[in-house]
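Here is a friendly tour of one protein model. Take a look at the structure first, and then we will walk through a few of its features together.

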Amino acid sequence: MSAEDAVLIDNIGELVTNDPTHGDGPHGVIADAALFVRDGIVAWAGRRADIPQGTDGARVDAGGGTVLPGFVDSHAHLVFAGDRAPEFAARMSGSPYAAGGIRTTVAATRSAPDDVLRARLGELVAEALRSGTTTIECKSGYGLTVADEVRSLRLAAEVTDELTFLGAHVVPEEYSGRADDYVALVVGEMLDACAPYAKWIDVFCDRGAFDGEQAREILRAGVARGLVPRVHANQLQTGDGVQVAVEFDAASADHVSHLTGSDIEALAASRTVATLLPGAEFSTRAAYPDARRLLDAGVTVALATDCNPGSSFTTSMPFCVAIAVRDMGMTPREAVWSATEGGAKALRREDVGHLRVGARADLLLLGAPSAVHLAYRPGVDLVSGVWRSGQRVHVGSAR
Ligand code: NIG
Ligand code: FE
């Protein structure tokens with residue numbers, strides 16, 4: 001093993017590991033810390049005073065800043081063309097958000113060449129990385145023909161392994177009034193073509209999209225093809241989404257902004273993660289979900305961006321953390337956990353979202369004395385470095 005494959009990040013003011021064995025509860029926060037990475041994997045984490053022998057290699061001086069796991073953004077829609085700024089502006093002067101707006105982006109996406117979609121996708125992933133996102137999920141869902149859904153997944157596969165088939169995003173224009181015919185296409189030819197590219201299957205189960213029975217049919221077909229469910233549930237109103245997600249042992253129920261008591265009980269008794277997407281409530285001027293109620297009920301909560309041109313055009317996990325703390329009843333520690341390990345759980349990943357020994361060395365360095373500053377200093381770029389698998393992939397401007 002050469003010293004080049006090793007790096008000691010030293011002089012860390014606060015190290016957030018999400019490792020309960022450090023004796024600080026689930027967040028595993030260590031003051032005056034260091035972290036040793038070898039061959040892309042966390043080899044040691046602890047107090048500076050306890051740095052073991054054999055930590056040879058490069059040394060990075062963290063300057064008293066904060067090191068935390070890279071953000072795991074478990075919900076994003078990154079393959080699209082165009083934007084919907086006029087729709088956003090109209091909402092800010094009182095127009096409501098409706099699922100039907102998706103069709104605007106579908107039209108733009110279908111008519112865009114591969115290179116245009118690829119360039120936008122690459123820019124968004126790079127933008128996310130600069131704010132500390134080291135794992136990102138990506139859905140199809142703006143193609144809604146067999147060829148355009150396959151194309152979306154094929155392009156997304158160039159930037160991530162966390163690929164979700166969302167042919168059931170909305171009923172496209174040409175199937176207006178024939179929703180059942182569209183569902184038949186999704187569970188038939190479209191699924192056949194898309195399943196080889198995807199790991200997950202998703203359905204938007206909500207007003208203006210698909211109902212509970214349609215969602216069940218779509219998820220059943222996906223499961224039969226080896227895909228694992230995740231569900232856009234209860235964003236716009238209460239309904240069947242959460243119950244369907246739990247029934248199918250979905251990895252996550254996403255949005256969950258309108259919940260009944262029995263929805264919360266069902267989530268708490270399941271291993272389905274509740275993924276909250278505060279960017280969507282921000283950009284649709286809707287009420288934020290009550291994270292406190294979910295946490296107090298024992299539900300596992302993730303935070304993600306939902307990056308898409310309609311309801312949440314942001315790649316910034318720090319922005320989501322800040323909203324979750326300010327307006328959703330999460331403590332700063334809880335929000336950081338949900339944006340890291342919570343996201344990993346929503347993707348059923350053990351290797352990311354934490355800095356326990358053996359983790360993939362995906363991490364970020366903040367030019368701030370604690371991770372609390374992510375919410376305390378909203379809108380400020382605090383990132384001074386990002387590492388993926390132990391390689392520095394971004395040098396930020398923060399001190
Ligand atoms: O997660 N809710 C469904 N899909 C996206 C919005 C898509 C759009 O408006 O283009 C979401 O918010
Ligand atoms: Fe979404």
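## Sorting the residues

Ala, Val, Leu, Ile, Met, Phe, Trp, Tyr, Cys and Pro count as nonpolar, Asp, Glu, Lys and Arg as charged, and the others, Gly among them, as polar. By that scheme, the lining of the second largest pocket holds five nonpolar, four polar and five charged residues.

This is a predicted model, where local features need pLDDT of at least 70, side-chain atom pairs count only at pLDDT 80 or more, and totals for chains, interfaces and linings use all residues. Residues are numbered from 1 along each chain as its sequence is written.

## The second largest pocket

A pocket is an open set of points on a 1 Å grid over the protein atoms alone, where a 1.4 Å probe fits, with protein on both sides within 12 Å along at least five of seven lines; lining residues have an atom within 4 Å of a point. The volume here is about 230 Å³, meaning the space filled by probe spheres set on the points, which are joined across faces, edges and corners. Among the 14 lining residues, Thr134, Thr135, Ile136, Val159 and Arg388 are closest to the centre.

## The open sheet

Helices (H or I, at least four residues) and strands (E, at least two) are DSSP runs, numbered from the N terminus. Two strands pair if DSSP finds at least two bridges between them. Seven strands make an open, parallel sheet in the order E8-E9-E10-E11-E12-E13-E14. Strands E8 (138–139) and E14 (301–303) each have a single partner strand, so one side of each lacks a neighbour in the sheet.

Note on methods:
Chains lettered and ligands numbered in written order. Heavy atoms only, no water.
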